[in-house]
Amino acid sequence: MNWHNIVTVYLKELKDSLRDRRTLLSTIIIPTLVMPLLTFGVGKVASTVINKAREETPSIAILGGEDSPAVVQQLRESKKFHVVPATANFKQLITDKQLRAAVQIPAGFEAGLKAGAAPAVTIYHYEGELKSQFGVGELERFLRELRDKTVADRLAERSLPTTLAKPFDFKRENVAPPEKVGGNLIGGIVPYLIIILCFSGAMYPAMDLTAGEKERGTMETLLCSPVARVDIVLGKFLMVLTGSLSAMGFMLLSMSTTAFFAGSMFGGGAVRAQAVANAPTSESLIPMIDPIGLIGVVAMVVPVAVMFAAVAFTIALFAKSYKEAQSYLAPLMIVVILPAVIGMLPGIDLNARLALVPLLNLSLVCKEMLSGVWHWNYIAIIFGSSCFYAAIALALAVQMFKREDVIFRT
Amino acid sequence: MIEAHHLTKIFRDKKRGEIFAANDITFRVQPGQIYGLLGANGAGKTTTLRVLATLLAPTRGTATVAGFDVACEAEKVRANVGFLAASTALYGRLTAREMITYFGRLNGMTDPAIRARLKQLSAELDMSEFLDRRCDKFSTGMKQKTSIARTLIHDPAVMIFDEPTLGLDVMTARAIVRFVRDCRGRGKTVIYSTHVMSEVEKLCDVIGIIHGGKLLAEGSLAELRQRFGETDMEEIFVKIVGEEGAS
């Protein structure tokens, strides 16, 4: 192994790749744009849609209630609803989104309350439809208040204290700092994005430096030089790794910048921290992340990036042309995404067996680290196994490069 | 000097079985001599030259190039060889200067030595006008000049040309032929493969006729004419290859 030759090959490949639009797109431009697009684009659209739905006064229909005029009157007078006349096809109207919800007041409701019975009120709604859910929320709040008032009236009638029905109170107090809460909220999506970008960052340089060179006829030119095959592989491999790591680096840089600007744009840093701990509002779309957790994630991703670079290099090397390499590597993206998606699912926790499953282990440990949980035994297993897989992939890449039937496969 | 002894290269194909791309080839090329390897497409010229340039490993037999064994001293062989083929292309996104400098560095040259040599080659090949332009914008002639400079940057003792005029226009092909003659004039050992009979007649001191992976005949143009009773190279070639085909 000659480091002078490895560096010479690497620097040439770096210069060459920086002049290749496809490589620049996958290693710099897309990773830089993905977080601002997700935050300002998708995030902003989502918060606008939610706010708009919240601002709308839901139209509801009252079914029955002819013998409960007081309740019906209170519903009609409430500014939280827009009461429309009830029709027989109210379910269809809810389905067609012309009506957000309907409330069924049972016969003898008010009389039943006075007699101490417990009549049941039914709310009709469309599960999963945002505006219908807001309507249901307002109806439930109205009925809860009515119930509390009924309890208070009954206690007053009997000259009993209100604490009889509510002997004690309780409240929540958040002890998690905002960055840990942020880690829990986006702990799944960050490793997912990192894994995808690391792979796509490796994919294009790998194809260009192997199958692309074969196709353009420069591979044979390079092989005529007195440099050892292993030095050529390592020089090229370092460039593919640079592509993979730079995709991650640019994404993290862009994520930090986005969080900084988005925080002030959606209400400032202090508001942002508060928003994370409170009910979901538009501000909570930009949660804070623990920087130590992020450093941990970067450290864990490095051996995986080495593995990605070596695997992409080996597969692309086998292909005769850029197009063929693309047809091999593009489906591999699904194989890469799958464990990352599984890692995002709630309820899947890291254990010794999962710590050996490549990519899934990374996804799970990153989620933990970003939410402030550090299982050092699992971290050691994952880092060690990732290094082992990376070494195997790299050794395979070197072996493939020495094979005549691969290099001269035309 | 190039020496090949019973050089054999076998490719294994799932459908066709063993293919003898080069079969028991023996020849010698002296410094200051051009050896022409003449054969039709698929005759085994490229495989033989790739083995000599250590791009492929021989299955059997031995060969030495500039005194180094192709099987166990591959890097030393390549350090003494300039290999130019139709299939050896340029990096389109690099300039001619960057391309040549890169190969100078790969050959272990220092940057001052590369600069000095590049200046000399640029003057000899009239490259100054396009030296700092990207190779993907070059005409065929410019590409050939850059490729020649790339093969000569480390001043190798042995030059291997694999159909270097393939697909070139007359003027560019003539420039290549002139350059090959210059190499001989400088005392380099030259091996030149082609299927163009006129090039062989014009250039080569010794001609080897290769067909089906085998070296069927060898000698100077005069010797071949005398042996086969023909003056035209094409007729000689057809006679040799035809005889082999009949047998």
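**Figure 1. Chain A meets chain B.** About 2,600 Å² is buried between chain A and chain B, and carbon and sulfur atoms give 56% of that area. Keep in mind while you look around that this is a predicted model. The contact draws on 26 residues of chain A and 27 residues of chain B.

**Figure 2. Charged and polar pairs between chain A and chain B.** Seven salt bridges are counted between the two chains. One to zoom in on joins the side chains of Glu98(B) and Arg19(A), with 2.8 Å from N to O. Polar contacts between chain A and chain B come to 14 residue pairs, with both residues at pLDDT 80 or more. On the chain A side, the elements that put in two or more residues are helix H1 (3-18), helix H9 (211-216) and helix H10 (218-223) of chain A. H1(A) brings the largest share of that side, seven residues. Sort the chain A residues that touch chain B by type and you get eight nonpolar, seven polar and eleven charged.

**Figure 3. Two domains within chain B.** Eleven residues from domain 1 of chain B and ten residues from domain 2 of chain B make up their contact. Together the domains of chain B bury about 840 Å², with 61% of it on carbon and sulfur atoms. On the domain 1 side, Phe179(B), Arg186(B) and Lys188(B) lose the most area to domain 2 of chain B, together 39% of what that side buries.

**Figure 4. Zooming in on Arg186(B) and its surroundings.** Arg186(B) pairs up with Glu124(B) through a side-chain salt bridge, 3.0 Å from N to O. Across the interface of domain 1 and domain 2 of chain B, the rule finds two salt bridges. Two residue pairs in polar contact also turn up there, both at pLDDT 80 or more. Helix H2 (74-79) and helix H6 (170-185) of chain B are the elements giving two or more residues to the domain 1 side. H6(B) gives the most to that side, with three residues. By type, the domain 1 residues touching domain 2 of chain B are seven nonpolar, one polar and three charged.

**Figure 5. How confident is the prediction along chain B?** The average pLDDT of chain B is 89, and 98% of its residues score at least 70. Among the elements of chain B, helix H3 (residues 96-106) has the highest mean pLDDT, 95, while helix H9 (residues 233-246) has the lowest, 77.

Terms used. Residues are numbered from 1 along each chain as its sequence is written. Chains are lettered from A and ligands numbered from 1 in the order in which they are written. Side-chain values use heavy atoms; hydrogens and water are left out. pLDDT is the predictor's confidence in each residue, from 0 to 100. Helices (H or I, at least four residues) and strands (E, at least two) are DSSP runs, numbered from the N terminus. Contact means heavy atoms within 4.5 Å. Buried area is the accessible area (1.4 Å probe) that two parts lose on being put together, summed over both. A salt bridge is a side-chain nitrogen of Lys or Arg within 4 Å of a carboxyl oxygen of Asp or Glu. A polar contact is a pair of N or O atoms within 3.5 Å; within protein, one must be able to donate a hydrogen and the other to accept it, and residues adjacent in sequence count only if both atoms are side-chain atoms. Ala, Val, Leu, Ile, Met, Phe, Trp, Tyr, Cys and Pro count as nonpolar, Asp, Glu, Lys and Arg as charged, and the others, Gly among them, as polar.
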